[in-house]
Structure formats: C-alpha cells, structure tokens
Amino acid sequence: MFPIVDNKSGVAESERPVQHCGCGRSGLCPHAARVSRITRPPLSRREREVLVEWIKRDTKADACAHLFVTASTLNTHLARIRKKYAEAGRPAPTKAALMARAVQDGLIDVNDL
C-alpha cells in the first residue's frame, strides 16, 4: 500500500507530526498549523490576573474594586497588555478582542464568563 502524500508539502500523512488544538479529533488536526503559529505574549502573573478580572466584570470600577487598584492603574495594565499582544502580532484593541485572546491563550474558559 502506498502512503497518501500531500501535494503541497510532499510529506506522507503518516510522517507528519500529530498536533492537536483541543478540538477532540483523532489523527491529524485540521487546526494544527494555526495552533503552532500562535505567539503568546509574555504577560506577567499580575497582567494575567488583571486581564481575567477585567473580562469577568461588567465595569472597570467593579474590576478595580476587586483588584484593589485605581482606574489609572487598571488602564496602565491594560495598555501594557494590549502593547504586548500587538508586538506578538495579535492586536487586541477592544475588550472583545482581549477576551478572544485570553480564551485562545487558555487564560480563561468560555464557561467562566
């Protein structure tokens, strides 16, 4: 029996590394190429905490109260987080975009929202 060869790469399917994105499919994951190209920005522990709490709260004031910071400090953290995502080639100018990045990077689960 001859191996199935992908015309684009010239590599037999059985020789390709198996990567999974968590979609639950066995064998070659159709999302593997996209998963391997994602660059996660180096967020500090506090930046991750601020991002998650801000996403979970309805207002910045609620997030500030929970984190024990001022609005200015929260905005500084968010600006740094956005800058790091932009430098990683994954801009996130809005709260919705930051939420998507947090979910993609495994910082928060959709069920936690």
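**View 1. A nonpolar patch sits on the surface, built from Met99, Val110 and Leu113.** A patch takes residues with over 30% relative accessible area and no salt bridge, and nonpolar side chains (Val, Leu, Ile, Met, Phe, Trp, Tyr) are joined within 5 Å, like charges within 9 Å. A salt bridge here is a side-chain nitrogen of Lys or Arg within 4 Å of a carboxyl oxygen of Asp or Glu. Leucine 113 lies in the segment after α5 (95-104).

This is a predicted model, where local features need pLDDT of at least 70 and side-chain atom pairs pLDDT 80 or more, while totals for chains, interfaces and linings use all residues. Residues are numbered from 1 along each chain as its sequence is written, and side-chain values use heavy atoms, leaving out hydrogens and water.

**View 2. Helix α3 (residues 60-67) has Ala63, Cys64 and Leu67 as its buried residues.** Buried means under 20% relative accessible area, exposed over 50%, and partly exposed in between (1.4 Å probe, protein chains only). Helices are DSSP runs (H or I, at least four residues), as are strands (E, at least two), numbered from the N terminus. On the face turned away from the buried side, α3 carries the exposed Ala61 and Ala65. Just after α3, phenylalanine 68 takes a positive phi of about 60 degrees.

**View 3. Histidine 77 has its place in helix α4 (residues 71-87).** Histidine 77 counts as buried because its relative accessibility is 15%. Setting aside neighbours within four places in sequence, histidine 77 touches Arg46, Glu47 and Val50 (contact: heavy atoms within 4.5 Å).

Notes. Accessible areas come from the Shrake-Rupley method with a 1.4 Å probe; for residues, only the protein chains shown count as cover.
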